[in-house]
Amino acid sequence: MEYFVQQLINGLTLGAIYGLIAIGYTMVYGIIGMINFAHGEVFMIGAFISLICVMVLGMFGLTWVPLALLVTLIVTMALTAVYGWTLERIAYRPLRGSPRLAALITAIGMSIFLQNYVQLLQGARVKPLQPLISGGFEIMRREGFVVSLSYLQLFIWILTLVLMTIFTLIITRTALGRAQRACEQDMGMASLLGINVDRTISLTFVMGAALAAVAGLIFLINYGVIDFYIGFLAGIKAFTAAVLGGIGSLPGAMLGGLLIGLIEAFWSGYFTVEYKDVASFSILVLVLIFRPTGLLGKPDIEKV
Amino acid sequence: MLAISGVHTHYGNIEALSGVDVEIRSGEIVTLIGANGAGKSTLLMTICGNPRASRGRIIFEGQDITRLPTHQIVGLGIAQAPEGRRIFARMSVMENLQMGATTTKPEYFDHDLDRVFALFPILKERRGQRAGTLSGGEQQMLSIARALMSRPRLLLLDEPSLGLAPLVVKQIFRVVKEINERERVTVFLVEQNAFHALRLAHRAYVMVTGRISMSGTGRELLSNPEVRLAYLEGGG
Ligand SMILES: Nc1ncnc2c1ncn2[C@@H]1O[C@H](COP(=O)(O)OP(=O)(O)O)[C@@H](O)[C@H]1O
Ligand SMILES: [Mg+2]
């Protein structure tokens, strides 16, 4: 029981990271029908920007953790969003309307390019960061086994919850979100009504990148080490999460992220750490066989 | 108000419009009839810049709009209820209407909403419902109402009667007449349901394979033997 709870806590934290990244995959897929394979790299860049930001703030003597984290969060979201915007603008927009394969290959190319770009700028060595938030609650203890919920994990959950709530409100309640949903359903019609479709797509990349940036920051403060390669596996897992939840569905991406995080944590906890990735992907295969639209994806029955 | 001259439109190598000239004056209802595949929908979409005319000019109220991006055209006062209605099925009726008001000032919204609800009372009852669950007739009303939310001076309607029960068709045509007469909205109406559409029209054009083959007042075309044979007898 104690062990179970501990894995649950770990899984939820992992799930927050995957869920935040998965939203970017699912939004972009929803609006332009493309898998942005470079999105994992956007997350990685977010992690690096966070690291640089924390260090620069430290150099200027800003070491009060809550303020440092807040500034880092804002700076990271903003700068990573610029990367997302630029990526769409120079790599994907010129290819709009061309065959899907061309866009897919470009996305893979951008992914490799961004990895190499960060490797060249930052070096291939692993970058460490001293823990920013330490301590925590002890929730259970039995026969020497302690279940703890660290302040760090609590912070990660609250941050994720707040951001996902804000994000959901933007999508469901604002004119921008309405325009995004309209473009998702019928871009041509949206433009007939005066929606600037290019701008809406740009903003979709910006929002996806900003959330991936938060995942990057969370990854950094949770694990304390990053390198230029972290985007690859996290990206694939988040993509798996998006497909598991139903690609194109926002609640699906959040749920899928959570599930992949939990599956991974429980698998590592009860079976073997080596095969945790295989476990997530096997679940994906099963879902695709028995429910190809994902858990919350819906077949378009209403489309007349 | 709208002058289309020598317009050609291509889909890849296929030429769908081969030199179309149409003139629409302020306050008119102008009907365009023609067989399936003649290029009627292509003409309405070309006015809105998607697809773009490959040759020729489209002038709206003195301004050349031939090369304008689609999303800027509605802001000038041209709205379209396109072929197939194209309502946003996964959004509510209300959200569809909000989408229609994209280019207008927010302070007009409530007033404009009352106005389209007065024209189509059923939409008021259904406002919280998902648009995809509406009947065909209601979806068509929503499509027109959504176009009206942008306060157009020129309304483009593409086969609003397609697939609808006669009673619903009558209601829709009555509303078209009403917005033309009361609100002075100019209407460019594409129809295969030629009889009603020609009766409603001040003037009309006939399109055959990407060209205008005939034009005149609605009454003239209604009594023209060729038109009667091709578009009214049996079909009507
Ligand atoms: N998206 C498209 N791509 C290629 N050809 C098209 C497309 N839309 C229409 N066409 C062709 O253009 C011609 C005119 O079509 P359309 O404007 O839809 O005619 P109408 O509305 O009069 O029935 C037809 O031959 C049709 O096959
Ligand atoms: Mg047509």
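A polar contact is a pair of N or O atoms within 3.5 Å; within protein, one atom must be able to donate a hydrogen and the other to accept it, and residues adjacent in sequence count only if both atoms are side-chain atoms. The model is predicted: local features need pLDDT of at least 70, side-chain atom pairs count only at pLDDT 80 or more, and totals for chains, interfaces and linings use all residues. Side-chain values use heavy atoms, without hydrogens and water, residues are numbered from 1 along each chain as its sequence is written, and chains are lettered from A in the order in which they are written.

**View 1. Polar contacts and a salt bridge between chain B and chain A.** Between the two chains, 5 residue pairs are in polar contact, both residues at pLDDT 80 or more. The interface has 2 salt bridges (a side-chain nitrogen of Lys or Arg within 4 Å of a carboxyl oxygen of Asp or Glu). One of them joins Arg86(B) to Asp186(A), with the closest N and O atoms 2.8 Å apart.

**View 2. Area buried between chain B and chain A.** About 2100 Å² is buried (accessible area, 1.4 Å probe, that two parts lose on being put together, summed over both). Carbon and sulfur atoms account for 57% of this area. In chain B, His71(B), Phe88(B) and Arg90(B) lose the most area to chain A, together 31% of what that side buries.

**View 3. Residues in the contact.** Chain B contributes 22 residues and chain A 21 residues (contact: heavy atoms within 4.5 Å).
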